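Q: I have a two-chain model open and want to go through it. Can we start with how the chains meet?

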Amino acid sequence: MSVTVELAETRAAIGSGAADVTAPRLRAAPLAWAAAAVALAALILSPVASLTLTAMQGSGEVWPHLLAHVLPQATMTTALLLGGVGIVVVVLGVGAAWLVSAYEFRGRRLIEIGLLLPLAMPTYIVAFAYLDLLHPIGPAQSGLRDLLGVTRPKDLLLPEIRSLPGCVILLGFVLYPYVYLPTRALFLMQAGSLIEAARILGRSPSAVFLRIALPLARPAIALGTSLALMETLNDIGAAEFLGVRTLTVQVYATWINRSDLPGAAQIALVMLAMVLLLLAIERWGRRGRGYAGSAQRQRSMARHRLSGALGLAALGLGMVPIVIGFLVPAAYLVHSAIARISRLGFPHGVIAEAGNTLLYAGLGTMLAAACGFFVAAAPSLVSRRFGQGLIRLAALGYALPGAILAIGLLGPLTLADGAVSGVTTTLFGTAPAIIGVGAGGALVVAYLVRFLAVGVGACEAGLSKVPGSLAEAGRMLGRTPIATLLRVHLPMTWPAVLSGALLVFVDCVKELPATLLLRPLNVETLATHLYGEAIRGTYEDGAVAALLIVLVGLIPVALLLRLGSPADTRAQNGP
Amino acid sequence: MVGWVSQCLLGGAVAFAWITGASAAEVNLYTTREPGLIKPLLDAYTAKSGVTVNTVFVEKGLAERVAAEGERSKADVLMTVDIGNLIELVDRGLAQPVRTEALVAAVPAPLRDSGGLWYALSMRARVAYADKDLTDTALTYEDLANPKWKGKLCLRAGQHPYNTALIAHFIVKHGPEKAKDWLTGVKANLARKPAGGDRDVARDILAGTCTVGLGNSYYVGLMRSGKGGPDQQKWGDGIKVVLPTFAGGGTHVNVSGAVVAKSAPNRDEAVKLLEYLVSDEGQGLYAKGNFEYPVKPGAPVDPLLTALGPLTIDTVPLADIARNRKAASLLVDTVGFDN
């Protein structure tokens, strides 16, 4: 058999996914993966199915009211909020990623890591902090009045943070790392040779950025922006606090104030359909384009050295998002936490809460990252069509407001509980009390369903860079698809996979609505403690928990710091 | 092999029974009230009775969670704020009737269900926060729509249950048409978009953004006592607090309350916990910890609240307010109150 024929056969095998031309003894594997994929799909679909059933119990009476009095304004507000946040996160995220990837300057390493820090900040805490700081009788404006010799707050009117523009800026400066992280990972993995070729051909830096780097990074930018926008759309804490009436606020008003869960589910499902449509349009926009690199070991681009004033300017520019998105609110939290500790001592139980947070967020992250890699690889592992369907499906959990997703999960989870209890009753004549919701299993499942999209997105963006030739080589050498995936793809996409896991972890640590609804008796996490204090207005009591959330969030950032260095070393030393 | 597996499963089941098994001395509380608020109450109860209180703070979806858990739910007591939320638990069939002498004696008839399905545990009034320079302090809720307040009024969102309940109360008092005119008038008087919480009203008055606004009575205690820190103390001390009334009526009051869960595994303990919460001691802790008005006549009131003057509660039954909650919420949208 000639090599050409073998290659063609291997291609066919990868294309169809089901047949394995290499080793008969491994035939069973694809079936197991297919079964796993189907089970995962069922799990992701279960809350949406449950919500659909709920929605169908409604009469539809909610719609005339919405059309007449709510949708015109709420749709406009939502669109402006999403558009505004979209612009801010793309400009900050891509700009920052390019700054630390393309230029070398004093303090670059610090900026590179620091730019991730806002990830650790729950958006509603940032909103609380900035309102305290920027309120007419807060420290910033009081100081300014003293400086200008103005006595009454009325006489110096500054823009109000409790407004749509205020909300756009706050959310943008907290959410841009969703774009920064995958885009930077992509710049890291990306063939530096392309960029260098362009530089050698005399292209200006801006042309290199606009014509080469930006188009190459499009999958990462699209992924990050869609994550940030879904966060924005589903945000309830910050938006409500700042008086921005989005469609999501209406979902809650319908559910909570009118006891109309079916109506709320209807609105949420329509919004979900819109989100999926937008995601599909984006995917369609880059259909048929390959983003794979070459089989040779990737080289990061050589960084352009900036010295003197230019270096300082770069440093200053890189500091802006860190200061606004992290340092200012963090300093506020430190200040409040010190005030609390000096008045009342270290809050009781907060260490145990940190333990709970690590436990559940850790389990959720492991599950979501592993499943994320599996889903991203499903097109080559199971079947192309089914795998791509699964990837689309993974977005469902992230595209719904958190509390609505949690409500959707309640039914399936308690059903599963009931089934388990039925089995144990039959076997042993006794049933354990509620396990899933009661013992925290529900929480881990909720994290998986909610944040799978984050893990999948990162892995998919990474896998898209792995050239098909390597997979074919692996298969020709007699590796099973899964072995090829683990031995060839995983090492190559490690930065992307890990950055995805980092995002999932921080998301799990901050996650609020599902954690509130689904956790067992007597279990508090840092996020639930913080929220309980924040809505009572005892911010100071919550500040210690908030700081711990930030600290716990810093662990993965530190991990990423270690992850970044070997990749750089490898790139410099070459193969 | 099979024996080994079933042994493991059996061991697991025994462990579960051990973990989840109901000992006589515990009670499970599902609550929408913040842990920091009720923990002192529950700790005091445990110290006194030796009963362990297991709690979970569920903010949104309390009813949905208990309904989904069904018969196997561990919930004994469901505790929430706002009469609408309380009655929703009853309407969804999640409560069971409870009637003991202690409960009936402690909670006056208007503050409990006649069938014993729900009991109010504490009260809060919707009071006016006002600029200290304001001299005219006789204020009615109706008056808030008076154009003399144009550009001088601060409120949190109309879709917040505290305001929705007040609007529902207005609907009961004056009918939907007048309520619409009133709410439109209130909206026209706003100095800023409805946002933030009740304390922000005090803060904005201090900043000169507005002159008058509405907030719950316990926030006054929380701010002025310094429990929320020195900044909030400054806000609380910087405003004047007035108890408004409906014209010719009394002040709008909302409640926190509880029901005994339909499938409560520890029903007797649940009842005992409720009885403790409405006892003089329990009511005193509500007053001390969160500056709420007691439901039990004669129970102590915090001095920061008595300083606000005598509270005359309006006579509209709480259940009527709850019934008009949906209409009130729709009205908020209709007049674009939160836009």
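A: This is a predicted model. Across the interface of chain B and chain A, 24 residue pairs are in polar contact, both residues being at pLDDT 80 or more.

Q: What sort of residues make up the side of chain B that touches chain A?
A: That side divides into 25 nonpolar, 21 polar and 20 charged residues.

Q: How many salt bridges between chain B and chain A?
A: The count is 5. One of the pairs that form a salt bridge is Arg162(A) with Asp204(B), where the closest N and O atoms are 2.9 Å apart.

Q: And how many residues does each chain put into the contact?
A: Chain A gives 61 residues and chain B gives 66.

Q: How much area do they bury?
A: About 5,400 Å² between them, with 56% of it on carbon and sulfur atoms.

Q: Which residues in chain B lose the most area to chain A?
A: Lys60(B), Arg72(B) and Arg203(B), which together account for 14% of what the chain B side buries.

Q: Switching to pockets. What volume does the second largest pocket have?
A: About 1,100 Å³. Its lining has 40 residues, and those nearest the centre are His348(A), Glu533(A), Pro35(B), Gly36(B) and Lys39(B).

Q: Which elements supply at least two residues of that lining?
A: From chain A, helix 15 (308-344), helix 16 (350-381) and helix 25 (526-536); from chain B, helix 2 (35-49), strand 2 (52-57) and helix 11 (280-290).

Q: Which gives the most?
A: Helix 2 of chain B, with 9 residues.

Q: And the lining by residue type, nonpolar, polar or charged?
A: The lining of the second largest pocket has 14 nonpolar, 13 polar and 13 charged residues.

Notes
Residues numbered from 1 in each chain as written. Chains lettered and ligands numbered in written order. Predicted model: local features only at pLDDT ≥ 70, side-chain atom pairs only at ≥ 80, totals over all residues. Heavy atoms only, no water. 1 Å grid on protein atoms, 1.4 Å probe; cavity = no way out; pocket = protein on both sides within 12 Å on 5 of 7 lines; lining within 4 Å. Points joined across faces, edges and corners; volume = space filled by probe spheres on them. Helix = DSSP H or I, 4+ residues; strand = E, 2+ residues; numbered from the N terminus. Nonpolar A, V, L, I, M, F, W, Y, C, P; charged D, E, K, R; others polar. Contact = heavy atoms within 4.5 Å. Buried area = accessible area lost by both parts, 1.4 Å probe. Salt bridge = Lys/Arg side-chain N within 4 Å of Asp/Glu carboxyl O. Polar contact = N/O pair within 3.5 Å; in protein donor to acceptor, adjacent residues only side chain to side chain.
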